[in-house]
Amino acid sequence: MKFFIDTANLEQIKEAKDLGILDGVTTNPSLMAKEGIQGAEAIKNHYKTICEIVDGDISAEVLSTTYEEMIKEGDELAAIHPNIVVKIPMIKDGIKALKYFSDKGIKTNCTLIFSPGQALLAAKAGATYVSPFLGRLDDISTDGLNLIQEIRLIFDNYMYETEILAASIRHSMHIIDCAKIGADVITSPLPPILSLLKHPLTDSGLAQFVADSQKLS
Ligand code: E4P
């Protein structure tokens with residue numbers, strides 16, 4: 001399973017990269033706004049910087065919602081760096097844009113997936129990734145993991161190459177559950193990734209080993 005970090009924060013991206021387990025980055029307009037990035041030039045420069053830090057797929061989301069504008073914007077984003085993945089919302093014009101980029105050999109990530117039918121359409125249009133939003137479904141008392149399971153079944157039935165990128169991860173158990181049901185990728189903020197490291201028996205066991213190692217010298 002691939003690990004992407006879901007942030008536009010450069011320090012957190014560097015910290016995850018330094019762990020040696022990072023395969024890519026996802027961003028969205030909300031995450032970019034959180035970092036105070038404003039204006040077309042600043043946005044492009046920020047993506048360029050991320051691409052220089054991480055050698056992997058970097059999802060950059062279009063801000064527009066019409067086919068013509070998404071095409072123009074996506075072409076400009078893709079020109080920033082070969083690792084840019086154009087992130088397109090799951091809307092009618094978005095499906096057309098996915099097909100356009102797929103035909104051009106430009107990678108895409110179809111975002112805001114909340115149903116198996118949406119994932120199926122995105123795969124048919126040639127999306128590189130679909131992003132089902134696990135946490136946001138859980139937030140409204142719906143089983144987000146079940147959606148990922150359904151998409152896994154459909155994609156396996158027809159051997160679609162589109163990868164399932166589990167998004168909107170809230171905690172480390174989401175990551176474990178996604179690994180168990182066969183998501184291809186998870187994109188997560190840094191804290192859930194770091195909390196995978198933790199176990200109290202590891203901490204107490206190491207404290208004991210360190211204490212006992214003193215007796216050896
Ligand atoms: C990733 O591509 C999504 O934009 C992100 O995971 C959404 O997460 P949120 O529901 O925590 O905003």
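Start with the largest pocket, which holds about 370 Å³ of space. A pocket here is an open set of points on a 1 Å grid over the protein atoms alone, where a 1.4 Å probe fits and protein lies on both sides within 12 Å along at least five of seven lines. Its volume is the space filled by probe spheres set on the points, which are joined across faces, edges and corners.

Before you click on, note that this is a predicted model, where local features need pLDDT of at least 70 and side-chain atom pairs count only at pLDDT 80 or more, while totals for chains, interfaces and linings use all residues. Residues are numbered from 1 along each chain as its sequence is written, and side-chain values use heavy atoms, leaving out hydrogens and water.

**Stop 1: the lining of the largest pocket**

Select D6, T7, N28, L31 and P189: among the 21 lining residues, these lie nearest the pocket's centre. Lining residues have an atom within 4 Å of a grid point. Next, colour helix α2 (residues 29–34), which gives the most to this lining, with three residues. Helices are DSSP runs (H or I, at least four residues), numbered from the N terminus. By class, the lining has five nonpolar, 10 polar and six charged residues.

**Stop 2: the ligand**

Where does the ligand sit? Look in the largest pocket; sitting there means that more than half of its atoms lie within 2 Å of the pocket's grid points. Now show the residues around the ligand: D6, T26, N28, K87, F133, R136, A167, S168 and R170.

For R170, the distance from a polar side-chain atom to a ligand oxygen is 2.8 Å.

**Stop 3: the second largest pocket**

Finally, move to the second largest pocket, with about 240 Å³ of space. Select I43, E61, L63, E73 and L77, which lie nearest its centre among 14 lining residues. Helix α3 (40–53) gives the most to this lining, with four residues. The lining has nine nonpolar, one polar and four charged residues.

Note on methods
Helices (H or I, at least four residues) and strands (E, at least two) are DSSP runs, numbered from the N terminus. Ala, Val, Leu, Ile, Met, Phe, Trp, Tyr, Cys and Pro count as nonpolar, Asp, Glu, Lys and Arg as charged, and the others, Gly among them, as polar. A residue is near a molecule or strand if one of its heavy atoms lies within 4 Å of it. A polar contact is a pair of N or O atoms within 3.5 Å; within protein, one must be able to donate a hydrogen and the other to accept it, and residues adjacent in sequence count only if both atoms are side-chain atoms.
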